Amino acid sequence: MSQKTADMRAGSRDFRGGDRSAAGRPRVALVLPGGGARSAYQVGVLRAIASWCPPGTPLPFRVLCGTSAGGILAAVLASYAPRFRQGAAALDRVWRGFRVEQVFRTDASSVLRSGTHVALALLSGGWLLPPPRSLFDNSPLRQLLEWRVNFARIRQYLDAGHLDALAITATSFASGEWMSFIDAAHPVQGWERPGQRGVAAELRLDHLMASAAIPFLFPPVKMMGSYFGDGAMRQTTPLAPALRLGADRILVIGVREPGRSPLGASLKGAPSFGQVFGFMLDTLFAEGLDSDLERLERINGLLASAPGAELFSGMRRVEALVMRPQGDLSAMAATHARAMPRSVRALLRTMGAPADAGGQLSSFLLFESAFTRPLIEMGFAEAQSRRAEISAFLGLGARRGSEQEQGAEAEQRSEADHVGHRGQDHAAG
């Protein structure tokens, strides 16, 4: 993945904190697209970057932008803004020990009730029971986040200048727009363009739950008098919030491996409902990012072909670096699908997404350590292989020597253990 540059009209910047961070360095933004259980890869990349930083180092990102599971990760990082290593350690520990029941109810009675509700609603045309709001009950995730994400502390860190802005994106079912809800250290002027809006907000739990409400799987969330769902449904330009918030550099950690056929060459016959649904989710969480990066690359080409265009057009360059998994996450999920609770496996099999053929759908729902741990290690290893490039991009000082690296890794695991001893920490679904 090569470094790219993006552009933004200077006159349209809405962030009122100036062109650069207070220290005069480039304002670096982190963009975390959604991906359900696949976001374990993002945790691995973040864990690697944190291991390169000395203890007590604050976040190397001044702006955090997240959608769906990525939005929850962003909120957790924001709550550790002055202590990046500790925040990465907290995420690492939770995702290594994840269980599906921490995200949605998997007991046999709940899954059977959900399946029966769907069947009766279909058979009776909605007379016996109204259509269900979702396939799964994700109240366990709400309870976990309510207990562990401290929004007051995030606000405190924004006020103290440890972070410039946190943006969480959700989709409005009423207007059809994707909306970025922004909590910032300085006043933010909202923006409105066709299909998108940015609004200043005091972030709370409902914003995270709405952003992570994957269509059909989890119920929409009521806010501002209407219902909202997963931000990825309409977010065709996922880099827009970071650009609007004045980012000079953007690190994007995606969750879809590039250049892979979504259903794969192993598909035999017509795809089942479950396989088509998995295909839809894969497209939902990836195509917007790919299109946005392509669009930015084309604009860069136009600027490069016209010297002086930046000066006269009012546009500026914003560097972007992209990290995406190089392995087949659907194949990995199919390998570990039996780690999912039996009740959920039975429901997915009914949908036509059994363990050996439903890896794509399972890869979004497999919040089990058997799947998340290998993904974390994949993200960690791939970030390590690009350490020099990422460090230079983020402005991190290079730490050389095997003893230093081993010490950093040992300390980070110690921090994770310390977090774990205080009880189960932040989760992200």
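1. Arg 47, Asp 92, Arg 96 and Glu 377 are joined in a network of salt bridges. A salt bridge here is a side-chain nitrogen of Lys or Arg within 4 Å of a carboxyl oxygen of Asp or Glu. Counted by this rule, there are 16 salt bridges.

2. The model is predicted: local features need pLDDT of at least 70, side-chain atom pairs count only at pLDDT 80 or more, and totals for chains, interfaces and linings use all residues. Residues are numbered from 1 along each chain as its sequence is written, and side-chain values use heavy atoms, with hydrogens and water left out.

3. Asp 164 forms a salt bridge with Arg 27 (2.8 Å, N to O). The pair links distant parts of the chain, 137 residues apart: Arg 27 is in the loop between strand S1 (4-9) and strand S2 (28-32), and Asp 164 is in the loop between helix H6 (151-159) and strand S4 (165-172). Helices (H or I, at least four residues) and strands (E, at least two) are DSSP runs, numbered from the N terminus.

4. Asp 164 also forms a salt bridge with Arg 62, with the closest N and O atoms 2.9 Å apart. Arg 62 lies in the loop between helix H1 (40-51) and strand S3 (63-67), 102 residues from Asp 164.

5. Buried means under 20% relative accessible area, exposed over 50%, and partly exposed in between (1.4 Å probe, protein chains only). Arg 27 is buried at 1%, Asp 164 is buried at 6%, and Arg 62 is buried at 18%.

6. Glu 202 is exposed, at 65%. This residue sits in the loop between strand S7 (196-200) and helix H7 (205-211).
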